[in-house]
Structure formats: structure tokens, C-alpha cells
Amino acid sequence: MTNLASRPAMIDPFGRHVTYLRVSVTDRCDFRCVYCMAEHMTFLPKADLLSLEELDRLCSAFIAKGVKKLRLTGGEPLVRKNILWLVEALSRHLRSGALEELTLTTNGSQLAKYAGELARLGVKRINVSVDTLDPAKFRKITRWGELAKVEEGIEAARVAGLKVKLNAVALKGVNEHEFDDMIAYAHAKGMDLTLIETMPLGEIEGDRTDQYLPLSIVRARLMNRWTLTDIPFRTSGPARYVRVEETGGKIGFITPLTHNFCESCNRVRITCTGQLYMCLGQEDMADLRAPLRASKDDGLVNAAIDEAIGRKPKGHDFVIDRRAQKPAVSRHMSVTGG
Ligand code: SAM
């Protein structure tokens, strides 16, 4: 067998450098978005979760192997108990320069409480998921969420100096006629807006075909109202951006279905139980919890990471149509971390 441990960085079989780690710190969430979770979810027993110390150790191993950007997600990362301990621990890598960015994706429900501390600990940008600006519709989509609280959180984040980007999943017949208003709202506050196609991840109530709205259609409609200019701007994520000439703000499009972006994939994901997923849209994974716990030294875990990166697949093949009776992968987004 090849000695993968001698690789200086994480380079997959297709020559892609893995520099971006997304970490789901909990599978729990205080919302139950209809496209993301079933209403009655079975969550993992707490004993299966990595402790915050173990998450720190695992993230640090990835940073030592070349991860430059780390995103905490979930579930809802801000409902994990003592989450600020982990943010504080990881912030040492920002100070050392090993890590370029520590960020998170949140539903915003707890942001009013945490925004100031996150900024103090070196977080500069965050993504907040908001699919509608209509409070009643917001409640319907999230089942449990309160829009006013999220808006309060967004304001707290802005006051704390965090750069906020809004993420909205495009849902047919639900928010498809709201994007003009959302663009105006976001850009008036200096926030970019990213639109996301719904992906076939995990069993939910209802049929995903009913929710799926191709962003090619959304983009064509937006052009009736706004002047969109393609720009080369990229974060390390998969979004492609346009500038809206009327506002000066940006819109990102994440199009896993209409335009597969796997060729430039630089990401891997770890779950809160220490499973490493090399692709959001495939079932293959590597368990890192056992090697992490088997030794205080990182040798075993590093070898497990190298072995897993050596089989990172070329990409996903999501399809949403009525003939596909099952989701592409059985895990919900909240498990792998969106
Ligand atoms: N709780 C946090 C939040 O709301 O942003 C982080 C986790 S959530 C799973 C991350 C993102 O994934 C959210 O923007 C959510 O809308 C999106 N998401 C969840 N399920 C999805 C699906 N099936 N297709 C596309 N996006 C999805």
C-alpha cells in the first residue's frame, strides 16, 4: 500500500487541495425546516458526540494538514452547549496564522446572545440562513422559528462588526416570488445574498420534486428587475456570484443540480461524531473517532485522514425527479453539516 502519510498536504486523487473543513458540531437544531428535517427527528445520543476538546483536537489535526478555512455548522452550531469554548480554542490558529478564516453558518436564533463574543474571538464573517422575510411563512418553513428573533440576531451581528451573508434555499411555490424583496433588504444593509438549490438529502415529509426550483429560472426572472453582471468573486465555497448594478451588492448562486461544481471542490466535512465525509452527496465516509480515541498522539488520526482523502470521489450526482423515490443520500443536511 502507498505510504500516504508522507503527503505534505491533503491532495485528493484528482489533484484538488483540501483546504476547507466544515464541522457539524451538533445534529440538533432549534428549527425544523421542512426541506431539511422531518418534524420528528431522532437525534444522536449525546454519548456518541465528540467532546468539544475532541473536536478541537480533530480540527487542529486538519489545520496542521493544510486546512485554511474552517466553518462550524450543524444542526444549529449555536445550540451546542459551551460552543464558545470551541471557538475560543480554535481562535489560537487564527492568531498563529495557520488558519485564515474561522466562520459559521447559523439560523440566527441565538445570534443576539453570541454575536459580540464571536467577533471578539476573531470571527469576521458569518452566514445566516433566512428563506423568507414574511414572519408567518418563516414559521411555516422552519416549523418552530421566529423571524423577529433572527432579525434581531442579524442586527446584533452587524453591530458587532461581523460581515453577514444571507443564505436562502429557493423553494418552488414558497419563496420564489420574494427574491426581489430579499435582495433589496439584504443589499440595503450591506449583506450579500446567496440562493441555494434544494438538495435530495435525507427523508422528509412530502416530495422534494414539489420544492425544487432550478436557479436558472430564478436568475432569468431576476433579470427582469435587476441588471446582473457576472463577476469572478469567489469565497472558498461553491457559489458563483453576480453584482447587482442597481444596489452594488452581490448575489451568489449555489447550483448543485443545474450546474455541478465538483471540479473545484476543496472541502470535506466532519460530523459531530467524528465521521469524515469526503463528499456531501455520497455515502462513503471514514470514522475518525476511533483513531482519535485510540491514542493521545495524532499519528493514527492523520493516517486515517490521509487514507480517506485518497478516496475523495470526483463528485456527487444529485437528481431530483419523480422517478427517484429515495433521496440521493440518506443523511440529512443537519448530520453532515450544510
Ligand atoms: N442551522 C444552521 C443554519 O440554519 O444555517 C446550519 C445548518 S443548516 C443544515 C445549513 C444550511 O443548509 C442552511 O442554509 C439550510 O437552509 C441548508 N439546507 C438544509 N437542508 C438542505 C437541502 N436539503 N438542500 C439545500 N440546502 C439545505
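Helix 1 and helix 2 are roughly parallel to each other, a label used for angles under 35 degrees. This is a predicted model, where local features need pLDDT of at least 70, side-chain atom pairs count only at pLDDT 80 or more, and totals for chains, interfaces and linings use all residues. Residues are numbered from 1 along each chain as its sequence is written, and side-chain values use heavy atoms, with hydrogens and water left out.

Let's stay with that pair. The axes of helix 1 (residues 52-64) and helix 2 come within 10 Å and cross at roughly 25 degrees. Helices here are DSSP runs of H or I with at least four residues, strands are runs of E with at least two, and both are numbered from the N terminus. Axes are lines fitted to C-alpha atoms, for helices over the stretch in contact, with angles from 0 to 180 degrees between N-to-C directions. The crossing is right-handed, meaning that the near helix is turned clockwise from the far one by less than a right angle. On the helix 1 side, the residues making the contact (heavy atoms within 4.5 Å) include Leu 52, Cys 59 and Ile 63, and they meet residues of helix 2 including Trp 85, Leu 90 and His 93.

Now look at the other neighbour of helix 2 (residues 83-96): its axis and that of helix 3 (residues 111-120) come within 10 Å and cross at roughly 15 degrees. So helix 2 and helix 3 are roughly parallel to each other too. Leu 84, Val 87 and Glu 88 of helix 2 touch Tyr 114, Glu 117, Leu 118 and Arg 120 of helix 3. This crossing is right-handed as well.

Further along comes helix 6 (residues 179-188), whose buried residues are Phe 179, Met 182, Ile 183, Tyr 185, Ala 186 and His 187. Buried means under 20% relative accessible area, with a 1.4 Å probe and protein chains only. What do these residues pack against? Their partners include helix 5 (147-159), helix 8 (215-225) and strand 5 (163-170). Just after helix 6, Gly 190 takes a positive phi of about 75 degrees.

Finally, the cysteines. The structure holds 0 disulfides, a disulfide being a pair of cysteine sulfur atoms within 2.5 Å. Cys 262 is buried, with a relative accessible area of 7%, and Cys 279 is buried at 12%.

Definitions and conventions: Parallel < 35°, antiparallel > 145°, perpendicular 65-115°, else oblique. Buried < 20%, exposed > 50% of the residue type's maximum accessible area, 1.4 Å probe, protein only.
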